[in-house]
Amino acid sequence: MMDYENRLHELGVALPPAPKPAAIYIPVVRTGNLLFLSGIIPSVDGTLRFSGKVGRNLTLEEGREAAKVTLLNALAVIKAECGSLNAVSRIVRVAVHVASAEGFSEQSKVADGASNLLVEIFGEAGRHARLALGAAELPFSAPIELEMIVEIRADQG
Amino acid sequence: MMDYENRLHELGVALPPAPKPAAIYIPVVRTGNLLFLSGIIPSVDGTLRFSGKVGRNLTLEEGREAAKVTLLNALAVIKAECGSLNAVSRIVRVAVHVASAEGFSEQSKVADGASNLLVEIFGEAGRHARLALGAAELPFSAPIELEMIVEIRADQG
Amino acid sequence: MMDYENRLHELGVALPPAPKPAAIYIPVVRTGNLLFLSGIIPSVDGTLRFSGKVGRNLTLEEGREAAKVTLLNALAVIKAECGSLNAVSRIVRVAVHVASAEGFSEQSKVADGASNLLVEIFGEAGRHARLALGAAELPFSAPIELEMIVEIRADQG
């Protein structure tokens, strides 16, 4: 079995503290061996690191970086829930909602910021189904909101 | 076990009749012990009670009220499917799509109209993962479309 | 048991080759007896057959046709994964994201292009929960992005 915690270390990636929800909802719910995560935005220490729409306030490259920062938050949520990323048996589906300027149609390339890192960390288990969508607006003017469904190992909790 | 039907009564909340789908699809599909609901809008007796975009045609407060009305429709769908809300073991995930005026970024506060009521009714079992998203447009010019995944008790049906 | 492959033949419907993902993600992930598909667009032989926003670049009727073409791509993905559409036990949920011109609110009618065909092919097993949503923008300027959750027979692989 791959050690994903070790893999993170090899990649020089440090997870942030798990972000706190903005309201009464919770970051993740487990049902059976699936985790459904709440929508996650590119905040760092409680402050949005990126803001606005991709294709207007942010370049494609910045959007992709925002997707990566958001993914790290999502992984922090999974780790906080399960104790270790090694609880993951499969990344099932990732949806990347990209706040998009009129006419911006590279949501797929933005989402690659999250998808590529998932496969770097989890290898085959990180190969996921994906949605890339262009939102009109996102909460707090975030450029990215990421949703995720993850399968965890049957021997987990 | 909490009696959610009784809890509704205590809160003075009456469920509407379950809304009918606009086309050939159906309001809810069960797979295993999960219910996947169709997108639900704030209609009452077949007529939209709220219409237009939040931040332009509707205030934040009206949007939040629309989210609450929509949630009651969703609960009516669950009750029609299972016979009683007591079939629910967990609210898994709720997504609130908010038809949003340009620049409106308080989708999270709008969604609270649904989230707060879920926790009032279901307590810990109502604490859900959540997405709040800003849609460009929604069917019938509804301000809210709500999607929901619910876990039901293993002894159901 | 209905033979869905035969039903396709009766309806005179031929599935295209399964579309290839635009990036590192994969077309479908199976977890338990559920398939989660990636977002699918109305491409044929790797080229988008429809482009732009419904209500501006495309009529309602063209949007509905685009939804149908997209659905055939989704079925091709399922067939490529399972070997046959007869692996399907239930279409669980379909979401149709419609790139929408300002003020266009007939997403539900557009989505019918996919929903009606699902029920024609799968009968009762094709009756699904549905979301119809209006996106601000979609990848590659596609007018439709379709997501799908499918339950497959327990004796499958």
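Colleague: Which residues of α2(A) meet which residues of α3(A)?

Modeller: This is a predicted model, to begin with. From α2(A), the residues are A:Leu60, A:Gly63, A:Arg64, A:Glu65, A:Ala67, A:Lys68, A:Thr70 and A:Leu71, and they meet A:Lys109, A:Val110, A:Ala111, A:Asp112, A:Gly113, A:Ala114, A:Leu117 and A:Leu118 of α3(A).

Colleague: How do the residues of that contact divide into nonpolar, polar and charged?

Modeller: In the contact of α2(A) with α3(A), eight residues are nonpolar, three are polar and five are charged.

Colleague: And at what angle do the axes of the two helices cross?

Modeller: The axis of α2, residues 60-82 of chain A, and that of α3, residues 107-122 of chain A, cross at roughly 40° and come within 7 Å. Angles under 35 degrees would count as roughly parallel and 65 to 115 as roughly perpendicular, so α2(A) and α3(A) are oblique to each other.

Colleague: Is the crossing left-handed or right-handed?

Modeller: Right-handed, as α2(A) passes α3(A).

Colleague: Switching to the chains, what rotation superposes chain C on chain B?

Modeller: A rotation of 120°, with 0.0 Å of shift along its axis, superposes chain C on chain B with an RMSD of 0.0 Å. That is the relation of a three-fold axis. In chain C, the C-alpha nearest the axis belongs to C:Ala136, 2.8 Å from it. The copies use different surfaces, since 8% of the contact residues of chain C recur in chain B.

Colleague: How many residues does each side give where chain B touches chain A?

Modeller: Chain B gives 25 residues and chain A gives 22 residues. On the side of chain B, the elements that give two or more residues are β5 (88-99), α3 (107-122), β6 (129-135) and β7 (144-152), and the largest share, seven residues, comes from β6(B). By type, that side of chain B divides into eleven nonpolar, eight polar and six charged residues.

Colleague: What is B:Phe36 in contact with, leaving aside its neighbours within four places in sequence?

Modeller: In chain B, B:Phe36 is in contact with B:Val28, B:Val29, B:Thr31 and B:Ile149, and in chain C with C:Val92, C:Arg93, C:Ala129 and C:Ile149. B:Ile149 is 113 residues from B:Phe36 along the chain, yet their C-alpha atoms are separated by 4.8 Å.

Terms used. Residues are numbered from 1 along each chain as its sequence is written. Chains are lettered from A and ligands numbered from 1 in the order in which they are written. This is a predicted model: local features need pLDDT of at least 70, side-chain atom pairs count only at pLDDT 80 or more; totals for chains, interfaces and linings use all residues. Copies are superposed by least squares on the C-alpha atoms of residues with pLDDT of at least 70 in both. Two residues are in contact if their C-beta atoms, placed from the backbone, lie within 7 Å. Helices (H or I, at least four residues) and strands (E, at least two) are DSSP runs, numbered from the N terminus. Ala, Val, Leu, Ile, Met, Phe, Trp, Tyr, Cys and Pro count as nonpolar, Asp, Glu, Lys and Arg as charged, and the others, Gly among them, as polar. Axes are lines fitted to C-alpha atoms, for helices over the stretch in contact, and angles run from 0 to 180 degrees between N-to-C directions. Angles under 35 degrees count as roughly parallel, over 145 as roughly antiparallel, 65 to 115 as roughly perpendicular and the rest as oblique. A crossing is left-handed if the near helix is turned anticlockwise from the far one by less than a right angle, and right-handed if clockwise.
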